[in-house]
Amino acid sequence: MPASLLPCPALRVHVHASHVHVQVKQEWEVHASLKHPNIIQAYLGMEDAAGVRLFMEYAGDSDAYSYINAKQRLSLREDDARQLVYDVLMALLYMHNQV
């Protein structure tokens with residue numbers, strides 16, 4: 001993990017049932033294996049008595065939700081919408097090809 005990316009946010013997941021714990025672990029392993037510019041990078045998963053902590057790349061205001069919300073006030077142009085949909089579809093295609 002490059003030092004320039006630290007500190008990164010940690011998402012705390014409270015896992016009480018063992019079947020949920022297995023699901024979270026499997027999903028995390030899949031996410032950590034994905035390497036694509038349009039997918040947030042997963043770095044580290046840590047487990048303790050309080051739950052699971054997931055360390056991921058920090059997107060700042062560059063995530064799709066923030067982008068759409070900011071543009072919603074001004075109106076999202078067609079070419080911006082086209083690029084956004086293209087980026088999402090490329091990430092989705094990448095994920096489907098990893099199976």
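**Pairs, bridges and a pocket**

Mentor: Let's start with a pair: G45 sits across from L54, which belongs to strand 3. This is a predicted model, where local features need pLDDT of at least 70 and side-chain atom pairs count only at pLDDT 80 or more, while totals for chains, interfaces and linings use all residues. Residues are numbered from 1 along each chain as its sequence is written, and side-chain values use heavy atoms, with hydrogens and water left out.

Trainee: How do you know that strand 2 and strand 3 pair, and in which sense?

Mentor: Two strands pair if DSSP finds at least two bridges between them. Strand 2 (residues 42-48) and strand 3 (residues 51-56) have six bridges, in the antiparallel sense, so they pass that test. A hairpin of two residues links strand 2 to strand 3.

Trainee: What makes a run a helix or a strand?

Mentor: Both are DSSP runs, numbered from the N terminus: helices are H or I with at least four residues, strands are E with at least two. By that count the protein chain has three helices and three strands, in the order β-α-β-β-α-α along the sequence.

Trainee: Which residues is Q41 in contact with, leaving aside its neighbours within four places in sequence?

Mentor: Contact means heavy atoms within 4.5 Å, and Q41 has contacts with A32, L34, K35, M56 and E57.

Trainee: What makes D79 and R77 a salt bridge?

Mentor: In general, side chains of opposite charge can pair when their charged atoms come close. The rule asks for a side-chain nitrogen of Lys or Arg within 4 Å of a carboxyl oxygen of Asp or Glu. D79 and R77 come to 2.8 Å, N to O, so the pair qualifies. R77 also bridges to D80, with the closest N and O atoms 3.5 Å apart.

Trainee: And how do D79 and D80 count for accessibility?

Mentor: D79 has 38% relative accessibility, so it is called partly exposed. D80 has 17%, so it is called buried.

Trainee: How many salt bridges does the structure hold?

Mentor: Three. The other pair to look at is E78 with R82, at 3.1 Å, N to O. E78 and R82 are both in helix 3 (residues 78-97), four residues apart, about one turn of the helix. Both E78 and R82 are exposed. Through shared partners, salt bridges link R77, D79 and D80 in one network.

Trainee: What kinds of residues line the largest pocket?

Mentor: The lining divides into 11 nonpolar, two polar and three charged residues. Here Ala, Val, Leu, Ile, Met, Phe, Trp, Tyr, Cys and Pro count as nonpolar, Asp, Glu, Lys and Arg as charged, and the others, Gly among them, as polar. Helix 3 gives the largest share of that lining, five residues.

Key
Buried < 20%, exposed > 50% of the residue type's maximum accessible area, 1.4 Å probe, protein only.
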